[in-house]
Amino acid sequence: MIYPIVKYGNPVLEKPAETVTVFDEELQKLINDMFESMWAAQGVGLAAPQIGIGRRIAVIDVTFKEDPKAKLVLINPEIIHSEGRHTQSEGCLSIPDFRENVTRPNQVTVRAQDVHGRVFEKTGDELVARALLHETDHLNGKLYMSHLSALKRDLMKRRIRKLMKAGEW
């Protein structure tokens with residue numbers, strides 16, 4: 001099932017997601033649906049709040065289906081190490097048609113659980129690091145715009161409010 005992507009303005013995006021405690025077939029189906037939903041929206045990462053589900057689940061595939069081994073499932077992830085700095089244009093499926101330069105660590109390590117509840121660690125560089133940070137932010141109720149200057153963030157919010165008023169959001 002392909003879920004619609006929740007857009008900025010929906011309160012689920014700005015609330016910390018709930019910890020996952022049950023690892024069953026229903027969770028596996030949700031994760032499969034999340035990958036399908038992410039690919040359908042042309043994304044490289046998707047957090048459960050982005051489909052209206054306030055649970056600590058994220059999926060990432062920076063290869064966009066080219067390398068099945070590159071698919072990442074993160075349940076209850078926590079960033080445990082970061083280093084370096086890298087600035088790059090970043091976007092979000094929940095804030096369509098907006099992109100801004102965001103500075104984030106260039107390398108991060110995350111500790112998470114897999115679909116069976118087993119704990120693992122994953123270290124990623126550059127785009128993978130950015131995806132790990134971006135999706136973990138979603139699970140903590142943060143959007144990438146929180147990493148922008150107050151001026152850029154206010155301008156973005158103002159443009160979105162205009163789109164909402166016009167019925168285009």
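This is a predicted model: local features need pLDDT of at least 70, side-chain atom pairs count only at pLDDT 80 or more; totals for chains, interfaces and linings use all residues.
Strands here are DSSP runs of E with at least two residues, numbered from the N terminus. With that in hand, D97 sits in strand 5, which covers residues 95-104.

**The annotated site**

An unreviewed UniProt entry lists C92, H134 and H138 under "binding site". The three span 47 residues in sequence, but no two of their C-alpha atoms are more than 10.2 Å apart, so they gather at one spot. C92, H134 and H138 also belong to the lining of the largest pocket.

Helix 2, residues 126-139, carries H134, and H138 lies in helix 2 as well. Setting aside neighbours within four places in sequence, H134 is in contact with E90, G91, C92, R104 and Y144. On the same terms, H138 touches L13, A47, P49, Q50, C92 and L143. C92 therefore turns up in the contacts of H134 and in those of H138.

Most residues other than glycine have a negative phi. D97, though not a glycine, has a positive phi near 70°. E126 is another non-glycine with a positive phi, about 45°, and its place is in helix 2.

**Accessibility**

| Residue | Relative accessible area | Class |
|---|---|---|
| H134 | 7% | buried |
| H138 | 1% | buried |
| D97 | 79% | exposed |
| E126 | 48% | partly exposed |

How values were computed:
Residues are numbered from 1 along each chain as its sequence is written. Side-chain values use heavy atoms; hydrogens and water are left out. UniProt positions are given in the numbering used here, feature names are shortened, and annotations may be inferred rather than shown by experiment. On a 1 Å grid over the protein atoms alone, a cavity is a set of points where a 1.4 Å probe fits but cannot get out, and a pocket is an open set with protein on both sides within 12 Å along at least five of seven lines; lining residues have an atom within 4 Å of a point. Helices (H or I, at least four residues) and strands (E, at least two) are DSSP runs, numbered from the N terminus. Buried means under 20% relative accessible area, exposed over 50%, partly exposed in between (1.4 Å probe, protein chains only). Contact means heavy atoms within 4.5 Å.
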